[in-house]
Amino acid sequence: MSETESENLSVKLFKQHKHARETSTIVGSVNQSPNGVHNALDGDSDNSWYRTLRRPQWIWQGVDPIDMEATLARIAGSDNNRSNETLLDTVVGYRPGNWSYEWTQGGMKHQKLAQDCEEQGNKVEAAEHWLRACTHFSIAAYPHLKGDHLSLQAEVLANKAFHSAIEKSPYKIKNVVTKVDGKPLEGFLYLPHTNEPLPTVIISGGLDALQTDLWRLFETYFAPANIAMLTLDMPSVGRSSHWSLSEDTSKLHQAMLSELASVPWVDHHRVGCMGVRFGGNAAVRMAFVEQNRIKSCVSIGGVLHSMLSDMQRLNAIPPMYLDTIASRMGKSQASASFLTQLQALSLKNQGLLTGRKTKVPVLAMSLEGDPVCPDTDNQLAALYSYGGKAKTLPNKPLHDGYHRIMTEAVKWFKDTL
């Protein structure tokens, strides 16, 4: 795509959205009392932002820290109208100061650099810039609420950038498609090489992330360990947007697991599952419902039981998270009845973390003081798994949390796959 074409695409995509609904008003939990979080998995939220700012994660994904602070400063300093004057990232419409607008500008910069590298014949550097463009566009769409038109437009740009990157990547990245309820479900399979079938880990992030956000996990951790990685969006987000989140959190993962049996590069006797937050719920569920086909499992800060069944914990999570969960479950607001429905998603309430043990070894990890996944949840997952293990890692230094967790996870997969 030429530079003018891609600029025209972004102009065309956003043109009619000067008056798009502002993200924090779509579900509207922001009218409840705001609560802050501060940890390496979720980033930090204070009461002056609607979104949780995931600084450690975004830097780890390749966002330049100085650029990031400059972008946040432009959002914070905007004089344009806000839907909520006390929240900095609620500038209305696609204009300077609006969250999607400012992060999309950053994506455009990397897109331009990628195109320059292509012209100079530098494929590897071009791929890197396309991935950074994809990350910026994905952050522009964050937290990916249903009905957020600006977010959907930014996701279109993120997808285009991702496809431009994988064409130039030194690794083999294939898309794997299967059908669920007659609709196509798409994941990406990352392969360090195609010389032989490889052990493979199916990975999902939380409910507010896209699978394209996970590419660096492969580059930094799985490729050096000679393990393939298949990414999958959680229900109701990204490429899984046709399905709503229900207590059957692993439904899409099971369909993809069946599809992998026919993929020649995958050693389907050595498939593992890993997930972050709600992705951890799906991964641990897989360890029980697919114990004859899954060999190993890792949950990172998984939403397994406590947060889903303890009203005090639920009431203490930031409004953006409540909005995201409601949106994934197809609700237009986070009502009291919605909060009771969440109890059905608890793996303990489903009878999995109470009955017979799974033969799949589960490593359940979180960082100290995790507000979403207490030690008791991890211990439950380990207790009901033969060879299972619960691990709490120090949460300092904050920026290093991801690295420590991933090092442990890959070591676990090397030992168990």
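The questions and answers below concern a predicted model.

Me: Helices α3 and α4 pack at an angle of about 150°; what orientation relative to each other follows from that angle?
Reply: Helix α3 spans residues 65-76 and helix α4 spans residues 99-119, and their axes lie 10 Å apart at an angle of about 150°. Since angles over 145 degrees count as roughly antiparallel, the two helices, α3 and α4, are therefore roughly antiparallel.

Me: Which residues of α4 make the contact with α3, and what is the handedness of the crossing?
Reply: On the side of α3 the contact is made by Met68, Thr71, Leu72, Arg74 and Ile75, and on the side of α4 by Trp99, Glu102 and Trp103. By class, this contact has five nonpolar, one polar and two charged residues. The α4 residues asked for are Trp99, Glu102 and Trp103, and the crossing of α3 past α4 is right-handed.

Me: How is α5 oriented relative to α7, given a packing angle of about 130°?
Reply: Helix α5, residues 123-141, packs with α7 at about 130°, and the axes of the two are 11 Å apart. An angle over 145 degrees would count as roughly antiparallel and one of 65 to 115 as roughly perpendicular, with the rest oblique, so α5 is, relative to α7, oblique.

Me: How many charged residues has the contact of α5 with α7?
Reply: From α5, the residues Glu128, Leu131, Arg132 and Thr135 meet Trp215, Arg216 and Glu219 of α7. Sorted by class, the contact of α5 with α7 has two nonpolar residues and one polar residue, and its charged residues number four.

Me: Is Arg216 buried or exposed?
Reply: Arg216 is found in helix α7, which covers residues 215-222. Leaving aside neighbours within four places in sequence, Arg216 is in contact with Trp60, Gln61, Gly62, Glu128, Arg132 and Tyr221. Its relative accessible area is 14%, and because the cut-off for burial is under 20%, Arg216 counts as buried.

Me: How many residues of α12 are buried?
Reply: Helix α12 covers residues 319-328 and is mostly covered. Its buried residues include Asp323 and Arg328 as well as Met320, Leu322 and Ile325, and the buried residues of α12 pack against α9, α10, α11 and α13. The count of buried residues in α12 is 10 of 10.

Me: Where does Met234 lie, and what is its relative accessibility?
Reply: Met234 lies in the loop between β6 (228-231) and α8 (251-260). Leaving aside neighbours within four places in sequence, Met234 is in contact with residues including Ser204, Leu207, Leu245, His253 and Phe278. Met234 counts as buried, at a relative accessibility of 1%.

Me: What is the C-alpha to C-alpha separation of His193 and Trp265 in space?
Reply: His193 has its place in the loop between β4 (183-191) and β5 (198-204) and is buried, with a relative accessible area of 18%. Not counting residues up to four places away in sequence, His193 touches Leu198 and Asn226. Although His193 and Trp265 are 72 residues apart in sequence, their C-alpha separation is 8.8 Å.

Me: What is the phi of Asn226?
Reply: Asn226 is found in the loop between α7 and β6, and is partly exposed, with a relative accessible area of 31%. Most residues other than glycine have a negative phi. Asn226 has a positive phi, near 65°.

Me: Which peptide bond is cis, with omega near 5°?
Reply: Most peptide bonds are trans. The loop between α5 and α6 (149-168) holds Pro143, and it is also the place of His144, whose phi is positive, near 60°, and which counts as buried at 4% relative accessibility. The cis bond, with omega near 5°, runs from Tyr142 to Pro143.

Definitions and conventions. Residues are numbered from 1 along each chain as its sequence is written. This is a predicted model: local features need pLDDT of at least 70, side-chain atom pairs count only at pLDDT 80 or more; totals for chains, interfaces and linings use all residues. Side-chain values use heavy atoms; hydrogens and water are left out. Axes are lines fitted to C-alpha atoms, for helices over the stretch in contact, and angles run from 0 to 180 degrees between N-to-C directions. Helices (H or I, at least four residues) and strands (E, at least two) are DSSP runs, numbered from the N terminus. Angles under 35 degrees count as roughly parallel, over 145 as roughly antiparallel, 65 to 115 as roughly perpendicular and the rest as oblique. A crossing is left-handed if the near helix is turned anticlockwise from the far one by less than a right angle, and right-handed if clockwise. Contact means heavy atoms within 4.5 Å. Ala, Val, Leu, Ile, Met, Phe, Trp, Tyr, Cys and Pro count as nonpolar, Asp, Glu, Lys and Arg as charged, and the others, Gly among them, as polar. Buried means under 20% relative accessible area, exposed over 50%, partly exposed in between (1.4 Å probe, protein chains only).
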